[in-house]
Amino acid sequence: MNITLYQCAADVQAALDHHFATEAERQDTLEAVIGQFDVKAQSVIGYIKNQEATETMLEEHIKQMSEKLKAIIVDGPMYSVKEQTQSIYAQLLAEAGYATLVFDHSYIGASEGHPRGYEDPEIKGADLRSAVSFLQTLDNIDKDHIGAVGICGSGVYVPNGLRNDNRVKAIASIAPFIMMTDIKTNTDENLMKMKADYEKGGEVQRLDLIKGSEGEAYYRNPDRGAAVQACPTPVWSQLAWHQFHPTETVRELKVPYLVIAGEKAFTTEGAKEMFDNAPNPKYFHLTLGATHFEMYDMVKYVKENVNEL
């Protein structure tokens with residue numbers, strides 16, 4: 001956009017000059033204001049003539065640009081990709097004024113690592129701590145107000161992985177899935193053999209936890225949660241799960257903790273156990289009428305849950 005457009009209202013130019021040191025910052029800010037009017041650049045003169053409305057919009061944007069934002073990491077179900085339910089929650093939280101971060105864990109989606117879809121609670125925790133470190137590098141983030149939300153599998157990965165990270169000031173679990181410890185499709189000895197065979201160049205044997213479950217209504221539906229990057233986890237992910245006890249490690253939390261459970265969800269008993277074992281301060285919310293997978297993307301339930309956050 002040409003700089004001469006700024007000069008059609010002296011008060012707007014003066015405000016930009018006052019608040020921003022460089023021309024690039026001034027141009028970015030005015031373009032952002034124009035974008036909120038949803039008009040093309042050549043139409044901006046007509047809008048700027050309405051000085052009262054323009055100044056209000058400009059001042060609000062300047063305020064948003066100058067204030068540091070509270071940040072929330074939003075993490076999703078086991079071996080989910082960032083475009084699934086976590087992005088729905090992140091979008092609504094962003095609309096409420098937070099900076100939100102979603103990402104693909106190691107071995108998942110756009111991130112690197114083989115075998116694809118591998119699950120290990122300790123690696124998940126390391127990824128989450130790296131996400132916190134990334135947020136700490138951003139100038140517009142309020143580093144004293146970083147929180148984390150985990151949905152389903154991450155409802156236990158998040159409190160486990162961040163329980164000793166004092167940079168995170170609050171944690172929430174939505175429909176936490178605690179059952180991975182009890183998933184046993186084979187003996188640990190056989191699982192170790194399958195892993196060894198893969199490491200010698202063999203095929204990955206995979207475990208599909210969705211097939212035949214109520215989760216198919218979400219994960220197999222392109223209008224809901226089907227994602228081309230997602231794949232079932234290697235069967236030997238169970239080895240890491242069998243060493244994972246989230247209802248015990250949640251006792252070590254040192255920050256406020258919120259648990260949100262669906263009234264009709266199969267994960268509700270586990271959510272209550274996570275809540276019961278967590279130290280104070282802690283809070284529990286029951287989303288009436290909601291099943292587990294409806295908590296992922298049904299608008300009325302998601303909005304209710306976001307309001308609790």
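I began with a term: two strands pair if DSSP finds at least two bridges between them. I kept in mind that this model is predicted.

**Whole chain**

I counted 14 helices and 8 strands in the protein chain. I looked up burial next: 47% of the 309 residues count as buried. For the surface, I found that the chain exposes about 15200 Å². Carbon and sulfur atoms supply 50% of that area. I then checked contacts between residues at least 6 apart in sequence. Of these, 72% join residues at least 24 apart.

**Strand β1**

I turned to β1, residues 69-75. Which strands does β1 pair with? I found 6 bridges to β3 (residues 141-151), and the two run parallel. Here Ile73 stands opposite Ala148. I also found β2 (residues 99-101), joined to β1 by 3 bridges, again in the parallel sense. In that pairing Ile72 faces Thr100. I noted that β1 is mostly covered, with 5 of its 7 residues buried. I traced a right-handed β-α-β unit made of β1, α5 and β2.

**Helix α14**

I moved on to α14, residues 299-308. Which of its residues are buried? I listed Tyr301, Val302, Asn305 and Val306. They lie on the same side of α14, because they cover an arc of only 135° around the axis. On the other side I found Val299, Lys300 and Asn307 exposed. I then asked what the buried residues of α14 pack against. My list has two helices, α5 (85-95) and α13 (294-297). It also has the strands β4 (170-174), β7 (257-262) and β8 (282-287).

Terms used: Residues numbered from 1 in each chain as written. Predicted model: local features only at pLDDT ≥ 70, side-chain atom pairs only at ≥ 80, totals over all residues. Heavy atoms only, no water. Buried < 20%, exposed > 50% of the residue type's maximum accessible area, 1.4 Å probe, protein only. Helix = DSSP H or I, 4+ residues; strand = E, 2+ residues; numbered from the N terminus. Arc of directions from axis to C-beta. Contact = heavy atoms within 4.5 Å. Areas by Shrake-Rupley, 256 points an atom, 1.4 Å probe, with all protein chains shown as cover. Right-handed = clockwise from strand over helix to strand, strands pointing away.
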